Each structure stands twice: as structure tokens, then as C-alpha cells.
Amino acid sequence: MFWRIVSRANVMDRFRDTDEPWALVTGASDGIGKSLCKVLARRGFNIILHGRDPAKLSSCCDELLVLAPKGKFEFVEADATQPALVQNVVETVSNKPLTVLINNVGYTTGPVQPLLTIDPAEIQRGIDTGVTWTAQLTRALLPLLVQHKPSLIIYLGSYAATHPPPFIALYTGTKGFVQTFSESLRREMRVIGHKEVEVQYHEVYFSATKSNGAPENLATPSPDRMAEAIISAVGSYKGHVIPYWVHELLSWVFLLVPEWLIARISGTVLAKKRTDIGPSQ
Ligand SMILES: NC(=O)c1ccc[n+]([C@@H]2O[C@H](COP(=O)([O-])OP(=O)(O)OC[C@H]3O[C@@H](n4cnc5c(N)ncnc54)[C@H](OP(=O)(O)O)[C@@H]3O)[C@@H](O)[C@H]2O)c1
């Protein structure tokens with residue numbers, strides 16, 4: 001929480017220190033990803049929006065142009081369930097001085113049910129989207145981010161990796177991978193002399209997006225508010241940050257609650273959303 005007092009609002013300027021700063025946001029056609037694009041556009045970044053729906057992506061680019069008429073906005077279509085398509089993104093980005101990579105796309109809309117009943121093909125889909133895509137994209141773009149440092153890599157994570165509830169083991173597993181991958185990469189960048197490649201894992205609790213489906217309230221901020229919090233939290237310089245203040249307060253409360261109780265409460269909530277037996281009241 002202390003970083004909120006000392007962090008500088010203009011910290012993103014550090015990653016705009018080139019004639020034409022470019023950012024790439026994955027899963028940028030909706031939710032937090034789209035909102036992150038709006039925040040970055042307002043801060044003077046040109047943006048490549050990644051997603052799977054060209055019509056939605058094109059309309060997002062139009063919206064961004066209204067917001068930031070001097071900005072350049074392009075999109076690249078690549079279904080993250082097919083990690084071989086990382087190559088499409090690399091081709092779009094490779095001639096640009098990329099300084100910001102936001103790995104926002106994840107395995108978000110998976111089934112809520114016991115692993116016992118999950119279709120094995122769904123497991124592959126979850127891992128392709130939430131693990132392989134992210135690792136391969138990072139690997140492919142890392143040389144560009146090293147070349148144009150200071151640069152920034154953000155991974156969108158979830159409280160579910162910290163307090164993994166029942167019925168969403170595949171989802172929590174993918175986020176657990178992202179969490180440790182991010183921290184390890186952060187340490188590695190420092191050890192091999194690329195300290196100026198900042199790597200951060202941003203732990204999100206809830207946001208009122210399509211995949212969450214919950215209405216907006218104080219604990220469930222709109223994607224716009226969540227995105228503002230994420231970009232502000234870059235100034236924390238922490239490897240693992242809980243960007244939204246209410247979520248950080250909740251994380252402290254959780255420290256006082258035994259883990260078995262957290263698991264029981266979250267399990268009760270998720271049991272009502274089970275996709276194998278239909279939602280219960
Ligand atoms: N919202 C929350 O409460 C919450 C909580 C914890 C963590 N998070 C994390 O925050 C990130 C963003 O979540 P969100 O709630 O903003 O999600 P969202 O509203 O569902 O938006 C997801 C974005 O990713 C795109 N996308 C999904 N699957 C894709 C695929 N296979 N290939 C290419 N693009 C794909 C979507 O494209 P379309 O527009 O075509 O659907 C959309 O642009 C995720 O990593 C999520 O795990 C969210």
C-alpha cells in the first residue's frame with residue numbers, strides 16, 4: 001500500500017522514451033485489455049491490439065483514434081488457442097520499437113466443474129491459451145523488448161492463483177504458471193544485465209467484464225477503473241502487485257483468515273456457478 005503514496009503518476013513516460021513508442025496488448029477487443037488500450041492511448045502510446053475478432057478490433061481502433069487522434073492503432077488477429085499463430089503477432093510487431101507488452105489474454109471462460117468431468121480437449125485449450133501462448137509470445141518478443149529497453153512486460157493474474165478455489169483447477173493452474181513465470185523472468189532479466197526490462201505480475205480479484213459477468217461495485221471495478229489501477233501500479237516497481245486498492249485491502253483481510261475457510265467460502269460461491277449441473281440458487 002505504501003507504494004501508492006510514493007509512486008509517480010508519470011512513470012509510464014520512461015517507456016515512451018523513443019520517437020514512436022509502441023505497446024502491444026493481447027486480448028484487446030474487450031474487458032480489461034480494451035480499457036488498458038484506452039489508458040495507454042491517452043498516455044501517448046501507439047498500440048497494436050491483439051484479438052480474434054477483426055470487426056471488434058477494428059472498431060476498438062476507431063474508438064482509440066477518437067480518444068487520441070495523433071496515435072497510431074493497428075490490430076492483429078490470432079486465436080490464442082493456437083500458439084503457432086504467435087508468428088502473426090511477431091510479423092506485425094517486428095518492425096516497431098516495442099517498449100510495452102501487456103499479456104492480458106488468458107483462459108477466462110472455462111468450465112466451472114470438477115476436473116473429473118472436464119473434457120480432455122478443454123484441458124488442452126486452457127493450457128494453449130493460458131500457458132503456451134503467453135510463454136511463446138514472451139519468448140518471441142523478448143529480443144525486441146531488450147533492444148528497446150527501458151521496456152515493460154505485464155502479466156494479468158488472478159487472486160485465484162493465490163487462494164485456489166475448487167471447480168476451476170484448470171484456470172487457477174494457468175494463472176499459477178503465469179505468476180511464477182513472471183517472477184522468474186523478472187529475476188532473470190536482472191541477473192543477465194537487463195534490469196531495464198521491467199517485468200510485473202498484476203493480481204486482479206474481480207472486474208465487471210464479460211468473462212466475470214458480475215455487476216460493477218466497489219470491490220468489482222469497471223474494466224476502465226481496473227486498467228487505470230494497473231497502469232498506475234507500474235510505478236510500484238514491484239514484481240507482484242495488487243493494483244486495485246480494495247483488492248489489496250482484501251488481501252490483508254485474507255491474511256487473517258485460515259486458508260481452509262477461504263477455500264470453503266469460495267467453493268460455496270463457485271458451486272452455485274457449476275457448468276456441469278447448471279447454476280443453483
Ligand atoms: N474480470 C475479472 O474479474 C478478472 C479476475 C481475475 C483475473 N482476470 C484476468 O484479466 C484478464 C482479462 O480478463 P477480462 O475479464 O477483461 O476478459 P474478457 O472481458 O473476457 O476479455 C477477454 C479479451 O481476450 C480476448 N480473447 C479471449 N480468448 C481469446 C483467444 N482465444 N484468442 C484471442 N483473443 C481472445 C477477448 O476477445 P473477444 O472480444 O473476441 O471475446 C477479449 O478481447 C484475463 O487474463 C483474466 O484472467 C480477470
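## Overall fold

The protein chain holds 10 helices and seven strands. Its radius of gyration is 18 Å, close to the 19 Å that the globule rule gives for 281 residues, so the chain is as compact as a globular protein of that length. The model is a predicted one. Taken along the principal axes, the box filled by the C-alpha atoms is roughly 55 × 40 × 40 Å.

Of the 281 residues in the protein chain, 41% are buried. Among contacts in the protein chain with a separation of 6 or more, 69% are between residues 24 or more positions apart.

## The sheet

The seven strands make an open sheet with parallel pairing, and their order is β3-β2-β1-β4-β5-β6-β7. The edges are taken by β3 (73-77) and β7 (240-241); each has a single partner strand, so one side of each is left without a neighbour in the sheet. Helix α4 (residues 86-93) packs on the sheet, where it touches β1 (22-25), β2 (46-51), β3 and β4 (98-103). The direction of α4 makes about 155 degrees with that of β3.

Strands of a sheet pair through backbone hydrogen bonds, in either a parallel or an antiparallel way. Here, β5 (residues 151-158) and β6 (residues 197-204) pair in the parallel sense over eight bridges. Within this part of the sheet, G157 stands opposite E203 in β6. Strands β1 and β2 also run parallel, joined by four bridges, and A23 stands opposite I47 in β2.

## Strand β2

Strand β2 is mostly covered, with six of its six residues buried. In a regular strand the side chains alternate between the two faces of the sheet. In β2, N46, I48 and H50 point one way, while I47, L49 and G51 point the other way. The residues of both sets are buried.

A28 sits in the loop between β1 and α2. It has 31 C-beta neighbours inside 10 Å and therefore counts as buried. Leaving out residues up to four places away in sequence, A28 touches G33, K34, C37, L49, H50, G51 and C60.

I230 belongs to helix α8. Its 24 C-beta neighbours inside 10 Å make I230 count as buried. Not counting residues up to four places away in sequence, I230 touches L36, I154, H202 and P243. I230 and H202 are 28 residues apart in sequence, and their C-alpha atoms are 7.0 Å apart in space.

## Ligand shell

The ligand is surrounded by 29 residues, and the closest are G27, G31, G106, T209 and S211. By class, the shell has 15 polar, eight nonpolar and six charged residues.

Helix α2 (31-42) and strand β5 each supply at least two residues of this shell. The largest share, three residues, comes from α2.

## Backbone features in loops

K149 and P150 are joined by a cis peptide bond with omega of about 10 degrees. P150 lies in the loop between α5 (120-147) and β5.

Two residues have a positive phi without being glycine: F167, at about 80 degrees, and Y237, near 55 degrees. F167 is in the loop between α6 (159-162) and α7 (169-191), and Y237 is in the loop between α8 (223-233) and β7. F167 counts as buried because it has 21 C-beta neighbours inside 10 Å. Y237 has 13 C-beta neighbours inside 10 Å and so counts as partly exposed.

Technical notes: Residues numbered from 1 in each chain as written. Predicted model: local features only at pLDDT ≥ 70, side-chain atom pairs only at ≥ 80, totals over all residues. Pairing = 2+ DSSP bridges. Contact = placed C-beta atoms within 7 Å. Axes fitted to C-alpha atoms, helices over the stretch in contact; angles between N-to-C directions. Near = placed C-beta within 6 Å. Nonpolar A, V, L, I, M, F, W, Y, C, P; charged D, E, K, R; others polar. Rg over C-alpha atoms; globule rule 2.2 N^0.38 Å. Buried ≥ 20, exposed ≤ 12 C-beta atoms within 10 Å, placed from the backbone.
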